[in-house]
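This briefing is meant to be read beside the sequence and the coordinates.

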Amino acid sequence: MKIFINPGHCIGRDPGAVNEKYGIEEAAVVANVGAGVKNYLEAAGHELKILQSDNLSGENPIYPNVCLKANTWPAELFISIHCNSFTNARAHGTECCVYSHWSEADRVAYYIQNKIVEKLGTFNRGVKERNNLIVLKGTNMPAVLVELAFLSNEEDCQKLMYRQDEFAQAIAEGILDYLSDN
Ligand SMILES: [Zn+2]
């Protein structure tokens, strides 16, 4: 299967969420996790492309266009990877976002969500419907946006710093379980 990985934000351009205490940026965490997912899925025989870019859908033409690349390849599955953040440092846990619950993407999302929660012991915030996210709106194939955990929460942040390989494994295993069950 042709699977497209989009680590969110853009190192050096758009750090995404930042944990000031540890000086850690979302863009760097998700780049590592995305590279890990790519390795695990390639090892399982799938075809992968990965792109982290400051241009999600044509808004910054000097950078490669994420949705366009996925659509023209064409990818059969699209996974965007992010970290969450909130003003209240108590907010924590993992969630996956899909354009609509009435979709194949929703089924993929549950596999990924459950695998991350099981492996990392993060709080299960569930699969949420978000119809305003560019990468979910602008892609033609089933697309899931994974919010690994909260950079703004101490316990979650420790996992995001020191257990990146397990997040990558969990996403890959979730996708592989989905594919073998369907
Ligand atoms: Zn983000």
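In this predicted model, strand β1 is mostly covered, since six of its six residues are buried. The cover reaches both faces of β1, with Lys2, Phe4 and Asn6 buried on one side and Ile3, Ile5 and Pro7 buried on the other. In a regular strand the side chains alternate between the two faces of the sheet.

**Sheet and strand pairing**

- Six strands form an open sheet with mixed pairing, and their order is β4-β1-β5-β8-β6-β7.
- The edge strands of this sheet are β4 and β7 (124–129), each of which pairs on one side only, and the twist averages 20° from one strand to the next.
- β1 pairs with strand β4 (residues 47–50) in the parallel sense over four bridges, and within that pairing Lys2 has Glu47 of β4 as its bridge partner.
- β1 also runs parallel to β5, to which it is joined by five bridges; here Ile5 is the bridge partner of Ile79, and Phe4 is the bridge partner of Phe78.
- Six bridges join β5 to strand β8 (residues 143–150), and these two strands run parallel; the bridge partner of Ser80 in β8 is Leu145, while that of Ile81 is Val146.

**Burial of β5**

- Strand β5 is mostly covered, with eight of its eight residues buried.
- Both faces of β5 are covered: Leu77, Ile79, Ile81 and Cys83 are buried on one side, and Phe78, Ser80, His82 and Asn84 are buried on the other.

**Aromatic pairs**

- The count of aromatic pairs comes to two.
- In the pair formed by Phe4 and Phe78, the ring centres are 5.5 Å apart and the planes lie at 10°, so this pair is stacked, given that planes under 30 degrees apart count as stacked.
- Phe4 belongs to strand β1 and Phe78 to strand β5, so that the pair links distant parts of the chain, 74 residues apart.
- Phe4 is buried because its relative accessible area is 1%, and Phe78 is buried with a relative accessible area of 0%.
- Tyr111 and Tyr178 form an aromatic pair that is edge-to-face, with 5.8 Å from centre to centre and 75° between the planes.
- This pair, too, links distant parts of the chain, as Tyr111 lies in helix α3 (residues 104–120) and Tyr178 in helix α6 (residues 164–181), 67 residues apart.
- Tyr111 is partly exposed, with a relative accessible area of 24%, whereas Tyr178 is buried, with a relative accessible area of 8%.

**Zinc site**

- The zinc ion is coordinated at 2.1 Å by His9 through NE2, by Glu26 through OE and by His82 through ND1.
- Along the sequence, the donor residues of the zinc ion follow the spacing H-x16-E-x55-H.
- His9 lies in the loop between β1 (2–7) and β2 (18–19), and His82 lies in strand β5 (residues 77–84), so the two histidines tie together parts that are 73 residues apart in sequence.
- His82 counts as buried because its relative accessibility is 14%, and buried means under 20% relative accessible area.

**Helix packing**

- Two packed helices are described by the angle between their axes and the distance between the axes.
- The axes of helix α1 (residues 26–43) and α6 come within 8 Å and cross at roughly 45°, which makes α1 oblique to α6.
- The crossing in which α1 passes α6 is right-handed.

How values were computed:
Residues are numbered from 1 along each chain as its sequence is written. This is a predicted model: local features need pLDDT of at least 70, side-chain atom pairs count only at pLDDT 80 or more; totals for chains, interfaces and linings use all residues. Side-chain values use heavy atoms; hydrogens and water are left out. Donors are N, O and S atoms within 2.8 Å of the metal (3.2 Å for Na, K and Ca); water is not among the atoms, so sites may look incomplete. Buried means under 20% relative accessible area, exposed over 50%, partly exposed in between (1.4 Å probe, protein chains only). Two strands pair if DSSP finds at least two bridges between them. Rings of Phe, Tyr and Trp (its six-membered ring) pair if their centres lie within 6.5 Å; planes under 30 degrees apart count as stacked, over 60 as edge-to-face and the rest as tilted. Axes are lines fitted to C-alpha atoms, for helices over the stretch in contact, and angles run from 0 to 180 degrees between N-to-C directions. Angles under 35 degrees count as roughly parallel, over 145 as roughly antiparallel, 65 to 115 as roughly perpendicular and the rest as oblique. A crossing is left-handed if the near helix is turned anticlockwise from the far one by less than a right angle, and right-handed if clockwise.
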